[in-house]
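Please open the model in your viewer and keep the sequence at hand.

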Amino acid sequence: MLAGSNAAPSQINYNGNQFLRLAQWGGGGRGWNGLMDDLRIWNRDLSSSEIVANMTGSLTGSEPNLVGYWRFDEGAGTNAFDLSPSN
């Protein structure tokens, strides 16, 4: 289910110096108290039918337009690994 979306005012370009921050608001103030599983980041909008069709199963990690995929099923440790071609 689509939880939210936000259209960027222009293209987002990654130059290797930025980082992705999840579960934290703003510059480090409040933490998010919740659970997260199977995070997927795409470089295009997904239709509602694509979201519904893919929300309950695992991906291979090589799907077109997939730029980040974390299953959070490492079993131990504090790191989650990106299973997309972006690594």
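**First stop: Asp38**

Select Asp38, which is partly exposed, with a relative accessible area of 23%. The model on display is a predicted one. Asp38 is found in the segment before strand S1. Its backbone deserves attention: phi of Asp38 is near 55°, a positive value in a residue other than glycine. Most residues other than glycine have a negative phi.

**The partner of Asp38**

The side chains of Asp38 and Arg40 meet in a salt bridge, at 2.4 Å from N to O. Side chains of opposite charge can pair when their charged atoms come close. Is Arg40 buried or exposed? Arg40 counts as buried because its relative accessibility is 18%, and the cut-off for buried is under 20%. Asp38, at 23%, counts as partly exposed.

**Around Arg40**

Keep Arg40 selected and colour strand S1, residues 39–42, in which Arg40 is found. Which backbone atom does the side chain of Arg40 reach? It is the backbone oxygen of Asn54, at 2.7 Å. Next, display the surroundings of Arg40. Leaving aside neighbours within four places in sequence, Arg40 is in contact with Asn54, Met55, Gly57, Ser58, Leu59, Leu66, Gly68 and Tyr69.

**The whole chain**

The secondary structure comes to 1 helix and 2 strands, and along the sequence the pattern reads β-α-β. Of the 87 residues of the chain, 15% count as buried. Contacts may be considered next: of those in the chain with a separation of 6 or more, 36% are accounted for by residues 24 or more positions apart.

**The other salt bridges**

How many salt bridges does the count come to? The count comes to 3 salt bridges, and the pair of Asp38 and Arg40 is one of them. Select Glu50 and Arg44 for another: these residues form a salt bridge in which the closest N and O atoms are 2.5 Å apart. Glu50 counts as partly exposed, at 26% relative accessibility. Arg44 is also partly exposed, with a relative accessible area of 35%.

Move on to Arg71 and Asp73, which form a salt bridge with the closest N and O atoms 3.3 Å apart. Arg71 has a relative accessibility of 28% and so counts as partly exposed. For Asp73 the relative accessible area is 48%, and this residue too is partly exposed.

**The surface**

Switch to a surface view. The chain exposes about 7200 Å², of which carbon and sulfur atoms supply 52%. Select Leu22, Trp32, Met36 and Phe72: these residues form a nonpolar patch on the surface, with about 340 Å² of accessible area together. Met36 counts as partly exposed because its relative accessibility is 34%.

**Last stop: Asn87**

Finally, select Asn87, in the segment after strand S2, residues 66–70. Asn87 is exposed, with a relative accessible area of 71%.

Key. Residues numbered from 1 in each chain as written. Predicted model: local features only at pLDDT ≥ 70, side-chain atom pairs only at ≥ 80, totals over all residues. Heavy atoms only, no water. Helix = DSSP H or I, 4+ residues; strand = E, 2+ residues; numbered from the N terminus. Polar contact = N/O pair within 3.5 Å; in protein donor to acceptor, adjacent residues only side chain to side chain. Contact = heavy atoms within 4.5 Å. Patch = residues over 30% accessible without salt bridge, like charges linked within 9 Å, V, L, I, M, F, W, Y side chains within 5 Å. Areas by Shrake-Rupley, 256 points an atom, 1.4 Å probe, with all protein chains shown as cover. Salt bridge = Lys/Arg side-chain N within 4 Å of Asp/Glu carboxyl O. Buried < 20%, exposed > 50% of the residue type's maximum accessible area, 1.4 Å probe, protein only.
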